[in-house]
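I opened this notebook to keep track of what I looked up in one model, entry by entry.

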Amino acid sequence: MEYSYVNPEWKQRQQEPKKQKNGVRVGLAVLLSCVMMATVIGLFAGVLIANRYLADRSAVVETLPETTETPLVTIAPAVAPNTADEAEKAADGTSAETVSTGFSYDGQYTRAQVIELAAPSVVGIDTVVPITYWGQTYAQTGSGSGVILTSDGYIATCAHVVDGAETIVVTLNDDTSYNATLVGEDKRNDIAIIKVEAENLVAAEIGESDMVTVGEDVIAIGNPLGELRGTATSGIISALRRAVIVEGTEMELMQTDAAISPGNSGGGLFNASGKLIGIVNAKASSSNAEGLGFAIPVNNVLKEINDLLNFGYIKGRASLGVTTQNRTIRSDYGFWSYSSTTCVQVTAVSEGGAADAAGIRAGDLIIAVNGTRVTSNSVLSDLISAYNAGDTATITIQRNGQQSDLSVTFGEYVPAN
């Protein structure tokens with residue numbers, strides 16, 4: 001990343017032309033007479049000009065507005081905005097009952113105090129993901145952010161930050177680095193849990209995102225661009241429960257105008273009490289859009305986070321019970337004419353699983369799930385992940401050139417390890 005100074009705007013000053021000397025010769029008497037007259041006239045004119053100048057200048061000074069330095073925006077007073085009656089009690093010094101909003105109204109926090117409180121719980125994450133291209137394997141590096149959940153090293157981040165990572169390195173606020181392992185991930189909600197072997201870490205305090213209102217002050221802390229770890233940006237909650245499609249997945253997110261950049265994913269969105277209310281995961285990709293960042297509300301994923309912490313996977317998620325591979329079907333219509341269709345082929349069926357019970361067999365081609373075309377393993381996985389155990393869907397298969405629809409009741413997904 002390259003940086004440059006913001007150069008000042010230089011303005012040229014115009015100089016008045018110098019007066020040319022008069023070369024006319026005059027007599028001494030005439031010269032002395034002119035000098036005396038000029039002196040008298042000059043004194044008289046000088047007094048008039050001075051008085052006029054001072055009068056004009058004092059008039060200008062009197063008309064200048066009084067200038068005061070505008071204070072920075074501060075956090076609102078720590079009084080629960082419930083009723084006017086309660087506000088009057090607070091003004092009188094008597095105790096006013098606070099509203100259960102998930103905020104701590106027992107003290108006023110400045111932005112600096114919120115950052116001081118929350119920043120130690122936010123980490124930088126660097127990953128190495130192996131990718132294969134034309135038969136060659138390459139190491140692709142990436143960066144993101146994370147939030148410490150427990151003092152013994154469990155950290156929340158976004159699934160897309162660590163998905164497929166062979167190496168995960170976590171760097172704390174004090175520059176200490178640890179190798180991390182993936183505990184589990186939930187691609188449906190873009191949440192993952194990783195673990196470092198460390199003790200006495202500063203864990204974030206979880207807030208109540210369900211009680212957040214539009215207009216509240218928030219601070220995002222993360223690792224923008226993968227090299228500016230610990231960066232804090234401020235803003236407000238711009239909207240709640242936004243239905244946003246992020247790379248093909250529909251999510252319900254909080255919207256904020258705090259500056260969000262690549263590398264912020266997995267970082268924390270904190271309220272005015274320094275409590276974690278969201279996991280930053282998306283921003284508007286259009287170059288014409290500004291101040292459109294999004295975060296996963298913590299209340300929306302508390303179950304998933306606890307499941308990942310306790311079991312390493314999400315309880316109750318759907319499982320089809322098959323192993324598949326990508327397949328391209330080519331249909332010839334002559335020497336120069338043909339068409340191809342991409343789908344997945346079943347290579348193995350788990351005995352007693354959902355697919356086995358529905359009659360799916362090894363060698364079958366899976367064409368669609370509830371009418372949605374299946375073009376690859378990843379598409380099939382995304383479609384199945386939208387269901388819970390016990391849900392029913394129609395799977396379209398092709399066997400021996402014939403298509404048929406099978407009703408499948410999904411089982412529960414449990415990872416092999």
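The entries below follow the order in which I looked things up.

**Ground rules.** I am working with a predicted model, in which local features need pLDDT of at least 70 and side-chain atom pairs count only at pLDDT 80 or more, while totals for chains, interfaces and linings use all residues. Residues are numbered from 1 along each chain as its sequence is written, and side-chain values use heavy atoms, with hydrogens and water left out.

I took helices (H or I, at least four residues) and strands (E, at least two) as DSSP runs numbered from the N terminus, and I called two strands paired if DSSP finds at least two bridges between them. On that basis I found a closed barrel of six strands in the order 1-2-3-6-5-4, with antiparallel pairing. Neighbouring strands of this sheet are turned by 40° against each other on average, direction ignored; the axes are lines fitted to C-alpha atoms, for helices over the stretch in contact, and angles run from 0 to 180 degrees between N-to-C directions.

**Cores.** For a nonpolar core I used a set of buried Ala, Val, Leu, Ile, Met, Phe, Trp, Tyr and Cys residues joined through side-chain atoms within 4.5 Å, where buried means under 20% relative accessible area, exposed over 50%, and partly exposed in between (1.4 Å probe, protein chains only). The largest such core has 43 residues, and those with the most contacts inside it are I125, V170, I194 and F270. Strand 6 gives the largest share of this core, five residues. A second, separate core has 21 residues, among them V344, A354, V369 and Y387. Returning to I194, and counting contact as heavy atoms within 4.5 Å, I listed its partners beyond four places in sequence, which include I125, Y154, V170 and L182.

**Helix 5.** Which strands does helix 5 lie across? They are strand 3 (154–157), strand 5 and strand 6, and the helix runs at about 35° to strand 6. Its buried residues are V298, V301, E304, I305, D307 and L308, and what covers them includes strand 11 (276–283) and strand 12 (293–297). I noted a kink of about 30° centred on E304, the bend being the angle between axes fitted to the seven residues ending there and the seven starting there. G312, which follows helix 5, has a positive phi near 85°.

Most residues other than glycine have a negative phi. D190 lies in the loop between strand 5 (177–186) and strand 6 (191–196), and it counts as buried because its relative accessibility is 8%. N370, with a phi of about 50°, is in the loop between strand 16 (365–369) and strand 17 (372–373), and at 42% relative accessibility it counts as partly exposed.

**Strands 16, 18 and 19.** Strand 16 runs antiparallel to strand 18 (residues 392–399) over four bridges, with I366 opposite I397. Strand 18 and strand 19 (residues 402–409) are joined by eight bridges, also antiparallel, and T392 stands opposite T409. Two residues separate strand 18 from strand 19 in their hairpin, where N400 has a positive phi near 55°.
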